[in-house]
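Open the model in your viewer and keep the selection panel at hand. This tour goes stop by stop, with something to select at each one.

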Amino acid sequence: MEIRIENLDKIYKNGHKALTDINLTIEDGMFGLLGPNGAGKSTLMRILVTLMKPSNGRVLVNGMDLQKHRKEVRALLGYLPQDFRFFAKYRTWEFLDYSARLAGLKNRAQRNQAVEQMLEQVGLYEARDRRAGRLSGGMKRRLGIAQAIIGDPKILIVDEPTTGLDPDERIRFRNILSKMTEKEMIVILSTHIVGDISSTCRSMALLEKGKLVFVGAPDELIDRSKGHVFQMTVSTKEFEEIKEKYNVISTIPSVEGWDIQVVAEDTGDLPSTLIEPNLEHAYVYFMELLLNKNKELF
Ligand code: ADP
């Protein structure tokens with residue numbers, strides 16, 4: 001599969017430009033779209049699932065123009081929107097049966113099999129007779145992903161799926177998604193949570209104020225922040241001063257005061273040691289330092 005996005009703009013009716021000149025090619029595997037709230041992620045997702053038209057530019061799915069081949073493209077799609085709602089009175093299995101019918105699974109025996117298999121896959125088998133409205137937050141989200149994948153989509157789009165989930169459920173959800181990428185398909189995960197973009201994402205993009213500011217592998221983003229993440233032990237007084245001047249990422253109380261991690265171009269005369277950056281550090285370095293320093297570039 002290939003999604004090619006060309007010169008895409010979206011200007012809302014009130015004149016707000018939510019996306020500016022987006023150019024991006026997405027291939028099989030997990031693709032992470034990361035950006036702060038309001039960056040334009042949902043807008044882009046809604047355009048990709050044909051719920052919204054772009055103001056300029058086009059999207060090609062395997063060479064098919066999205067605007068001209070809506071039906072064909074929709075048949076390839078599974079979508080979990082940010083504000084996913086379902087009929088609370090349906091039992092879990094009933095809702096999946098309904099989703100399977102919508103996805104075109106007409107044969108009853110085949111559908112039953114698909115529903116059973118899906119209940120197992122997302123860990124809802126025990127809850128299959130429970131009314132959907134009575135599921136926990138994490139279970140609801142898993143039912144959401146189940147309805148998106150029951151039709152065996154070639155492109156799966158999930159918008160902010162882990163917001164509000166506890167850590168266990170978050171990991172569970174990520175595992176379901178990364179399992180999907182064993183198939184030949186595109187999984188697009190949009191999120192403002194850096195931790196969602198794990199090593200399972202073969203490529204990712206950073207969206208900021210409607211513009212793509214980085215496209216590449218997570219490791220490439222990490223590489224850019226090498227030499228800019230520092231660890232230091234400071235007193236409470238020093239900590240107060242450092243907080244004003246630097247991006248402090250983590251703080252752990254220690255015998256001498258605080259063990260802190262700082263993302264900075266350099267730390268001047270402060271005694272500090274360089275540490276290996278992770279994606280969280282890299283995101284802060286990119287958004288807070290590189291972007292601010294090179295505003296004219298973006
Ligand atoms: P994200 O998903 O990254 O949080 P959105 O795509 O939801 O971002 O929103 C991008 C920007 O477009 C935000 O500034 C938001 O306020 C604005 N926006 C979203 N929907 C509309 C709309 N229907 N009309 C006008 N502005 C909108």
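Helices and strands here are DSSP runs, numbered from the N terminus; a helix has at least four residues and a strand at least two. Keep in mind that this is a predicted model.

**Stop 1: a loop between two strands**

Select Lys209. It sits in the loop between β9 (201–208) and β10 (211–216). Is Lys209 buried or exposed? Lys209 is exposed, because its relative accessible area is 65% and the cut-off for exposed is over 50%. Now check the backbone. Phi of Lys209 is near 50 degrees, a positive value in a residue other than glycine. Most residues other than glycine have a negative phi.

Next, select Asp21. This residue belongs to strand β2 (residues 17–27). Asp21 also has a positive phi, near 45 degrees, and is not a glycine. Its relative accessibility is 44%, so Asp21 counts as partly exposed.

**Stop 2: the whole chain**

Zoom out and show the protein chain as a cartoon. You are looking at 9 helices and 14 strands. The C-alpha atoms fill a box of roughly 70 × 45 × 35 Å along the principal axes. How much of the chain is buried? Buried residues make up 48% of the 298 residues.

Switch to a surface view. The protein chain exposes about 15,500 Å². Carbon and sulfur atoms supply 47% of that area.

Now think about contacts. Take those in the protein chain with a separation of 6 or more: 66% of them are between residues 24 or more positions apart.

**Stop 3: the ligand**

Which residues are they? Start with Tyr12, Asn14, His16 and Ala18, which are among them. Color the shell by residue type: it divides into 4 nonpolar, 7 polar and 1 charged. Helix α1 (residues 41–48) gives the largest share of the shell, 3 residues.

Turn to the atom pairs.

- Thr43: a polar side-chain atom lies 2.5 Å from an oxygen atom of the ligand.
- Ala39: a polar backbone atom is 3.1 Å from an oxygen atom of the ligand.
- Tyr12: a polar side-chain atom lies 3.5 Å from a nitrogen atom of the ligand.

How much of the ligand does the protein cover? On its own, the ligand has 570 Å² of accessible area, and the protein covers 65% of it.

**Stop 4**

The side chains of Lys41 and Glu160 meet in a salt bridge, 3.6 Å from N to O. This pair links distant parts of the chain, 119 residues apart. Lys41 is in helix α1, while Glu160 is in the loop between β7 (155–159) and α6.

**Stop 5: a salt-bridge network**

The structure holds 15 salt bridges. Side chains of opposite charge can pair when their charged atoms come close. Select Glu2, Arg4, Glu6 and Arg58: salt bridges that share partners join these residues into one network.

Begin with Glu2 and Arg4. Their side chains meet in a salt bridge of 3.5 Å, N to O. Glu2 has 24% relative accessibility, so Glu2 counts as partly exposed. Arg4 is partly exposed too, with a relative accessible area of 34%.

Move on to Glu6 and Arg58. Their closest N and O atoms are 2.8 Å apart in a salt bridge. Glu6 counts as buried at 19% relative accessibility, because the cut-off for buried is under 20%. Arg58 counts as partly exposed at 37%.

**Stop 6: a helix residue**

Finish with Ser178. Find it in helix α6 (residues 167–180). Ser178 counts as buried because its relative accessibility is 17%. What does Ser178 touch? Leaving out residues up to four places away in sequence, Ser178 touches Met30 and Thr200.

Note on methods
Residues are numbered from 1 along each chain as its sequence is written. This is a predicted model: local features need pLDDT of at least 70, side-chain atom pairs count only at pLDDT 80 or more; totals for chains, interfaces and linings use all residues. Side-chain values use heavy atoms; hydrogens and water are left out. A residue is near a molecule or strand if one of its heavy atoms lies within 4 Å of it. A polar contact is a pair of N or O atoms within 3.5 Å; within protein, one must be able to donate a hydrogen and the other to accept it, and residues adjacent in sequence count only if both atoms are side-chain atoms. Accessible areas come from the Shrake-Rupley method with a 1.4 Å probe; for residues, only the protein chains shown count as cover. Ala, Val, Leu, Ile, Met, Phe, Trp, Tyr, Cys and Pro count as nonpolar, Asp, Glu, Lys and Arg as charged, and the others, Gly among them, as polar. Buried means under 20% relative accessible area, exposed over 50%, partly exposed in between (1.4 Å probe, protein chains only). Contact means heavy atoms within 4.5 Å. A salt bridge is a side-chain nitrogen of Lys or Arg within 4 Å of a carboxyl oxygen of Asp or Glu.
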